[in-house]
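Please open the model in your viewer and keep the selection tool at hand.

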Amino acid sequence: MSIERALRILDKLRKGKTIRRWALMGSVAASLYTRPVTTEDVDVIIEVDSDKEFISVFRSLASVEGTRGLHILLGGTPVQLFPTTIGALYKDTPAKAWVFKTQSGGLSVRTARPEHLIILA
């Protein structure tokens, strides 16, 4: 599992306009603020206007490498997507995300702010 590879794919999808704004959340995001943790997947909130749009994006991404349970696979890494249509806090997260640079490749990763991570946990 390569988390950074999955994040690079998400960034490429955003640049190609397959997805819009997105933000890293969950334990991978929390580890940017604290000590690194072990995880089985990557959690990402993606900005969409409707559930229909989310389903379309999910199916499009799933058609590339497939799925594992509720996760799509990106670079072999399970990624769980959450739409901004879930509620106001989910909608707010990508808009107010902080940007971190990865250590190895200088990739900019939009990451949920600590207060969002605490409330969404």
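Begin by selecting helix α4, residues 88–96, where Y90, T93 and P94 are the buried residues. Seen down the axis of α4, these buried residues fall within an arc of 80°, so they line one face of the helix; the arc is that of the directions from the helix axis to the C-beta atoms. Buried here means under 20% relative accessible area, exposed means over 50%, and partly exposed lies in between, with a 1.4 Å probe and protein chains only. Among the elements that cover the buried residues of α4 are β1, β2, β5, β7 and α5. Helices (H or I, at least four residues) and strands (E, at least two) are DSSP runs, numbered from the N terminus.

Before moving on, two notes on how to read the tour. This is a predicted model, in which local features need pLDDT of at least 70 and side-chain atom pairs count only at pLDDT 80 or more, while totals for chains, interfaces and linings use all residues. Residues are numbered from 1 along each chain as its sequence is written, and side-chain values use heavy atoms, with hydrogens and water left out.

**Helix α1**

Next, select α1, which has 13 residues and reaches 19 Å from its first C-alpha to its last, close to the 18 Å expected at 1.5 Å a residue; the expected span is 1.5 Å times one less than the number of residues. Colour A6, L7, L10, D11 and L13, which are the residues to look at as buried in α1. They cover an arc of only 160° around the axis, which puts them on the same side of α1. On the face turned away from that buried side you will find the exposed residues K12 and K15. The buried residues of α1 pack against β1 (22–25), β2 (42–46), α3 (51–65), β4 (71–74), β5 (77–83) and β7.

Stay in this helix, residues 3–15, and pick out D11, which is buried with a relative accessible area of 10%. The side chain of D11 is joined to that of R14 by a polar contact of 3.2 Å, a polar contact being a pair of N or O atoms within 3.5 Å, where within protein one must be able to donate a hydrogen and the other to accept it, and where residues adjacent in sequence count only if both atoms are side-chain atoms. Not counting residues up to four places away in sequence, D11 touches W22, L107 and S108, contact meaning heavy atoms within 4.5 Å.

Then step to K17, in the loop between α1 and β1. K17 is exposed, with a relative accessible area of 72%, and its phi is near 70°, a positive value in a residue other than glycine.

The bridge partner of M25 in β2 is D43.

Which residues have the most contacts inside the largest nonpolar core? They are W22, L24 and V44, in a core of 30 residues. A nonpolar core is a set of buried Ala, Val, Leu, Ile, Met, Phe, Trp, Tyr and Cys residues joined through side-chain atoms within 4.5 Å.

**Strand β4**

Now select I72 in strand β4, which is buried with a relative accessible area of 0%. Its contacts, not counting residues up to four places away in sequence, include F58, L61, A62 and V79. A distance drawn between the C-alpha atoms of I72 and D43, 29 residues apart along the chain, spans 11 Å.

**Strand β7**

Strand β6, residues 98–101, pairs with β7 in the antiparallel sense over four bridges, and the partner of F100 in β7 is V109. End on T111, buried with a relative accessible area of 0%; leaving aside neighbours within four places in sequence, T111 is in contact with residues including L24, A29, Y33 and W98.

Notes: Two strands pair if DSSP finds at least two bridges between them.
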